[in-house]
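Visitor: I am new to this structure. Please walk me through it, feature by feature.

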Amino acid sequence: MVRPWVYIASPFPHGDNGINVQFQCAIWEQLMNDGLVWPYAPLWNHFQHLLYPRKGSDMTEFDNAIIPRLDACLRLDSACAKLEYTQHESAGADSEVDLFHSLNKPVFYSIKTMYAWVKRLNDQQLGLKPRG
């Protein structure tokens, strides 16, 4: 079974940082529980920064070094239904998407479409022909 590595790109500095980090951790948990991809949550760097602060450019450079090693990007808006919170704006997530595009790697805007891609990868590995 193919289980690709997926970078979760979502807002951080705009809106509520705490909600944005919690959202990305919740997505990571969902993806791990589903067991179809290996998720990578770059906002975990927030916890490293709390203990050992670094310049933002260091974290951007670190993320940009990781991205070529991963298979795809999942670009999502941060959301918290309980607080009626949604955040889309993120220059960082948008630049990460641009980097994935420049590397000719897929970018998905929903878990559903990403999982359809994973299914196609696994079908190809098994030698199954696409339907339709």
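**Reading the fold**

Guide: Begin with the secondary structure: the chain has five helices and six strands. This is a predicted model.

Visitor: How does the radius of gyration of the chain fit a compact globule?

Guide: Set the value beside the one for a compact globule. For 132 residues that would be near 14 Å, and the chain has 15 Å, so the two agree. The C-alpha atoms fill a box of roughly 50 × 35 × 25 Å along the principal axes.

Visitor: What share of the contacts joins residues 24 or more positions apart?

Guide: Take the contacts with a separation of 6 or more; residues 24 or more positions apart account for 72% of them.

Visitor: Now the inside. What percentage of the residues is buried?

Guide: Buried means under 20% relative accessible area. Of the 132 residues, 39% count as buried.

Visitor: Which residues of the largest nonpolar core touch the most other members?

Guide: That core has 17 residues, and I27, L31, V37, L74, I111 and M114 touch the most other members. At least two residues each come from β1 (5-9), α1 (17-34), β3 (72-75) and α5 (111-126). The largest share, five residues, is from α5.

Visitor: What does L31 touch?

Guide: Set aside residues up to four places away in sequence. L31 then touches I8, L36, V37, P39, L74, I111, M114 and Y115. There is also a second, separate core, with 11 residues, among them Y40, L70, F100 and V107.

Visitor: Which residues make the nonpolar surface patch of about 590 Å²?

Guide: Y52 again, along with W44, F47, L50 and L51.

Visitor: Last, what is the accessible surface of the chain?

Guide: About 8100 Å², with 58% belonging to carbon and sulfur atoms.

How values were computed: Residues numbered from 1 in each chain as written. Predicted model: local features only at pLDDT ≥ 70, side-chain atom pairs only at ≥ 80, totals over all residues. Heavy atoms only, no water. Core = buried A, V, L, I, M, F, W, Y, C linked by side-chain atoms within 4.5 Å. Buried < 20%, exposed > 50% of the residue type's maximum accessible area, 1.4 Å probe, protein only. Helix = DSSP H or I, 4+ residues; strand = E, 2+ residues; numbered from the N terminus. Contact = heavy atoms within 4.5 Å. Patch = residues over 30% accessible without salt bridge, like charges linked within 9 Å, V, L, I, M, F, W, Y side chains within 5 Å. Areas by Shrake-Rupley, 256 points an atom, 1.4 Å probe, with all protein chains shown as cover. Salt bridge = Lys/Arg side-chain N within 4 Å of Asp/Glu carboxyl O. Rg over C-alpha atoms; globule rule 2.2 N^0.38 Å.
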